[in-house]
Amino acid sequence: MNLTDRVAVITGVGGGIGAALAHRFAAEGAAAVVVADLDADAARADAADVGPVAHAAGLDVTVEEQVRALVTDTERRYGHIDLFCANAGVATAAGLDAADADWDRAWRVNVLAHVHSARAVLPGMLARGQGYLLHTCSAAGLLTAVGDAPYTATKHAAVGLAEWLAVTYRDQGIRVSALCPQGVDTPMLAEGLATGHLGARVIAASGAVLHPDRVADAVIAGLAEERFLILPHPEVAQHALRRAEDPDGWQAGLRKLVRRLRA
């Protein structure tokens with residue numbers, strides 16, 4: 001897929017990766033970029049910055065009726081949706097002690113929101129025999145997020161769901177990619193580093209912290225090649241391979257890094 005004359009929807013655009021994708025899609029010649037966020041003012045500000053091809057919407061991705069309404073409105077405005085980017089995500093910075101409400105919110109935002117968008121957008125895509133789903137899943141979905149149990153568990157589930165969608169619908173013209181970056185210069189990581197959270201420090205010590213624009217570059221390349229895994233940090237593939245081949249050794253290496261940062 002290339003973005004020329006395409007209609008794209010992006011959730012979670014209030015800064016970071018979502019905003020970078022919106023700007024890049026417009027620069028690539030998209031016919032329309034619908035930017036949606038829980039913070040409607042942030043979505044409107046981003047749409048104004050992107051330009052006339054952008055349309056803003058307030059959206060709570062955990063409410064399926066709102067997701068369906070967004071898809072219906074977009075199809076009414078533009079005729080169809082070529083690419084749906086389920087990008088909204090939430091971290092908890094907590095372990096097993098995370099409150100049940102935090103576990104529930106992580107599940108609803110990081111997993112069920114992807115279910116909601118797929119349910120809403122697939123009928124139109126299947127009727128046309130083509131469409132693309134891009135799910136932001138994080139390297140935590142292939143590895144682990146030290147210090148954040150709900151984020152780790154739900155991002156693993158997000159990768160599993162994306163893979164199921166790819167296997168189930170590829171032969172019906174639907175392409176699926178799982179975007180799995182590691183450290184990205186976003187408010188989520190910046191807040192963790194500012195408070196000294198161990199997980200954020202592990203991320204910063206594990207490789208380059210990329211500007212969101214670099215992630216958008218990787219997305220454009222991944223969409224063009226229709227790759228399932230889009231890895232802005234190539235080392236994530238190496239870590240995942242080692243984790244699969246030698247899980248005990250990989251865990252030992254990660255524990256060593258954690259001990260060093262705690263010292």
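User: Which elements make a β-α-β unit with E4, and what is its handedness?

Analyst: Handedness is judged with the strands pointing away from the viewer: a clockwise path from the first strand over the helix to the second is right-handed. In this predicted model, strand E4, helix H4 (residues 100-128) and strand E5 form such a unit, and it is right-handed. From E5 the chain then crosses through helix H5 (residues 149-169) to E6, again as a right-handed β-α-β crossover.

User: How many bridges join E4 to E5, and in which sense do the two strands run?

Analyst: Pairing requires at least two bridges between two strands. Here E4 (residues 83-86) is joined to E5 by 4 bridges, and the strands run parallel. Within this pairing, Cys85 has Leu134 of E5 as its bridge partner.

User: Which strand does E5 pair with over 6 bridges?

Analyst: That strand is E6 (residues 174-179), and the pairing is parallel. Leu134 has Ser177 as its bridge partner in E6.

User: Are the faces of E5 covered or open?

Analyst: A residue counts as buried under 20% relative accessible area. In E5 (residues 131-136), 6 of 6 residues are buried. One side carries Gly131, Leu133 and His135, the other Tyr132, Leu134 and Thr136, and both faces are covered.

User: Turning to a helix, which residues does Ala26 touch beyond its sequence neighbours?

Analyst: Ala26 lies in helix H1 (residues 16-27). Leaving aside residues up to four places away in sequence, Ala26 touches Val33, Val50 and Val53.

Conventions:
Residues numbered from 1 in each chain as written. Predicted model: local features only at pLDDT ≥ 70, side-chain atom pairs only at ≥ 80, totals over all residues. Heavy atoms only, no water. Buried < 20%, exposed > 50% of the residue type's maximum accessible area, 1.4 Å probe, protein only. Contact = heavy atoms within 4.5 Å.
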